[in-house]
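Please read the following walk-through alongside the sequence and the coordinates. It starts with the fold of one chain and then turns to the pairing of the two chains.

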Number of protein chains: 2
Amino acid sequence: MRQAGRYLPEYRELRARTGDFLTTCLTPEVAAEITLQPIRRFAFDAAILFSDILVLPHALGQSVRFEEGRGPVLGALTRAADIDDLAVRGLVDRLAPVYETVRRLRTDLPAQTTLVGFAGAPWTVASYMIEGGSSKDFATAKAWAYQDPVSFQRLIDLLVDTTAEYLIGQVEAGAEALQLFDSWAGVWPEPALRRWCLDPARTIRARVRAAHPDVPMIVFPRGVGVLYETFAEECGAEGLSLDTTVPLSWARDRVQTKVAVQGNLDPIALLAGGDAQRAETARILDTLAAKPFIFNLGHGILPQTPPEHVRTLVDQVRAWRAPA
Amino acid sequence: MRQAGRYLPEYRELRARTGDFLTTCLTPEVAAEITLQPIRRFAFDAAILFSDILVLPHALGQSVRFEEGRGPVLGALTRAADIDDLAVRGLVDRLAPVYETVRRLRTDLPAQTTLVGFAGAPWTVASYMIEGGSSKDFATAKAWAYQDPVSFQRLIDLLVDTTAEYLIGQVEAGAEALQLFDSWAGVWPEPALRRWCLDPARTIRARVRAAHPDVPMIVFPRGVGVLYETFAEECGAEGLSLDTTVPLSWARDRVQTKVAVQGNLDPIALLAGGDAQRAETARILDTLAAKPFIFNLGHGILPQTPPEHVRTLVDQVRAWRAPA
């Protein structure tokens, strides 16, 4: 999950001076500094690049801006011909600021801190591109996929190609691991989930592996429930990020036997703090930490989270030892 | 799922003359007429009472109103003492209009049409009572549960008691089956899900059974993924309503072997119509219809759904035959 953000006073202070959100993501000096803020404070084992999944549609020529209190606003794709207008050529140049951020981070991060690059998965990114922003039910994007799967496939394929290229570029700039966020995977019936989420993730995984065999990838198919097991078996990633609702013993028996798992503290338990946070954290560690595991939240940290709760969490995770 | 609603021109026409949404729900003549509208048009096997889950908090003395384009707005509970101010005494009188609607429907519905009563499950209703309306992340309600489980349990217990009483009242007025909607069950880690969703559903199921042993109940723990199997084993309901994301073969093997299942056409496949709707419908029927099964949507119908798509759906479901 994003480590930097509004819960940190130093982030709010810096952001007050750095203009709009997208420009902030695309200004290497600032994006690198924001990436470093939580590392300085908490010394996490890994740093995740500060950026946004909508950097890619922006680089494809779509208008993208972030409005305070409303979230992202995109010039929505409304017909198949709009897909052909996306600017695939010259993509590398337009993504250059992100690569530059990654390069700076490889220099500035402590040697023991793994640098994680990321991108949005094709369906999640496509949903913003078609809905023109966040959505309650994804009716427009999903109806497009149901009514005109041929052109929808063209959009997904374009995003598979460019996302793989984007992730390879991040590795070549210095990213040591990658994460693919499919935040809205959990809205599809199984056949559509396979076509629009699982197959694209597998193709992206394979493309990046062909270029850089040693860089691990974590996929986050949020909300796919029972089909986490299918993702573990079929998507080819080294790790899966578990959302908060995935039962731990099931994940241990059905998912962690196949891939490393990451997760899945409820961000609202972290917001609440105290006994609930401690008990939930202990439960996760005791069930999953003895096998390949990355402690993380099950979804993004909330802006109103007290940073001291994160401190307590880090201390508890670091102090955990496998029962003798 | 709700059968009446804005997708029907006769509903929009009637609602234009009947004042605010809550008053409409609590005016027996109008609520009964709205319940009958989709039955006249489509002759479904069962009719679900037209009402709203927030009728209960309203009857408990909380302020509830529905704003066009914003949804429900409640005078939010903000501290434990607010729970003690809820007006449990005299509840039956304040719910009398709903019972009167049910009585009218038993007279007005065709004899072969099963009348289904319903209520919101305690967690889902509590979330509205604390958040003061819909919520993106349920941060306030969930943080309350994490930080002060004692008072949160008191609210859940109060809702268990009153919901059981409310459902028993619906049966005594003529409801022939019941559904319990836990629309927001899918936001909790397992232990909290068991405490705030599964245990309350089991208690409500048992209370209603003690009063009326022959009335079946369907529980809809939307979004619980892997834990649908646990609900099937432990909540005591005769049926479970499957959301759109539940894989069909898994549901057949793990859930339908224990209880009847209901679901789970993607409402956006129904909105899209055409080949996608037909293929998705066939897939559901072919996988689930040979065992105890109720065809339904996996979530509520969208207002922009063409009624002709529902017609096509009903015809396809009625024409289905088990492979010889």
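**From sheet to dimer contact**

In chain B, seven strands make up an open sheet with parallel pairing, in the order β1-β4-β5-β6-β7-β8-β9. Its edges are β1 (46-48) and β9 (293-297) of chain B, each of which pairs on one side only. From one strand to the next, the twist averages 25°. The model is a predicted one.

Helices come next. Helix α10 (residues 149-173) of chain B lies across two strands, β4 (114-120) and β5 (177-182) of chain B, and runs at about 165° to β4(B).

Helix α10(B) also packs against helix α8 (residues 122-131) of chain B, at an angle of about 120° and with the two axes 9 Å apart. Because angles from 65 to 115 degrees count as roughly perpendicular and those over 145 as roughly antiparallel, this angle makes α8(B) oblique to α10(B). The crossing of the two helices is right-handed. On the α8(B) side, the contact is made by Pro122(B), Trp123(B), Val125(B) and Ala126(B), and on the α10(B) side by Leu155(B), Ile156(B), Leu159(B), Val160(B) and Thr163(B). By class, the residues of this contact are eight nonpolar, one polar and no charged.

How is chain B placed relative to chain A? Chain B superposes on chain A by a rotation of 180° with 0.0 Å of shift along the axis, at an RMSD of 0.0 Å. This is therefore the relation of a two-fold axis. The C-alpha of chain B nearest the axis belongs to Gly225(B), at 2.1 Å from it. Both copies use the same surface, since 100% of the contact residues of chain B recur in chain A.

The contact between the chains takes 28 residues from chain B and 28 residues from chain A. On the side of chain B that touches chain A, the helices α9 (139-147), α13 (248-255), α14 (267-272) and α15 (274-288) of chain B each supply at least two residues. The largest share of that side, five residues, comes from α9(B). Sorted by class, the side of chain B that touches chain A has 16 nonpolar, seven polar and five charged residues.

Terms used: Residues are numbered from 1 along each chain as its sequence is written. Chains are lettered from A and ligands numbered from 1 in the order in which they are written. This is a predicted model: local features need pLDDT of at least 70, side-chain atom pairs count only at pLDDT 80 or more; totals for chains, interfaces and linings use all residues. Two strands pair if DSSP finds at least two bridges between them. Helices (H or I, at least four residues) and strands (E, at least two) are DSSP runs, numbered from the N terminus. Axes are lines fitted to C-alpha atoms, for helices over the stretch in contact, and angles run from 0 to 180 degrees between N-to-C directions. Two residues are in contact if their C-beta atoms, placed from the backbone, lie within 7 Å. Ala, Val, Leu, Ile, Met, Phe, Trp, Tyr, Cys and Pro count as nonpolar, Asp, Glu, Lys and Arg as charged, and the others, Gly among them, as polar. Angles under 35 degrees count as roughly parallel, over 145 as roughly antiparallel, 65 to 115 as roughly perpendicular and the rest as oblique. A crossing is left-handed if the near helix is turned anticlockwise from the far one by less than a right angle, and right-handed if clockwise. Copies are superposed by least squares on the C-alpha atoms of residues with pLDDT of at least 70 in both.
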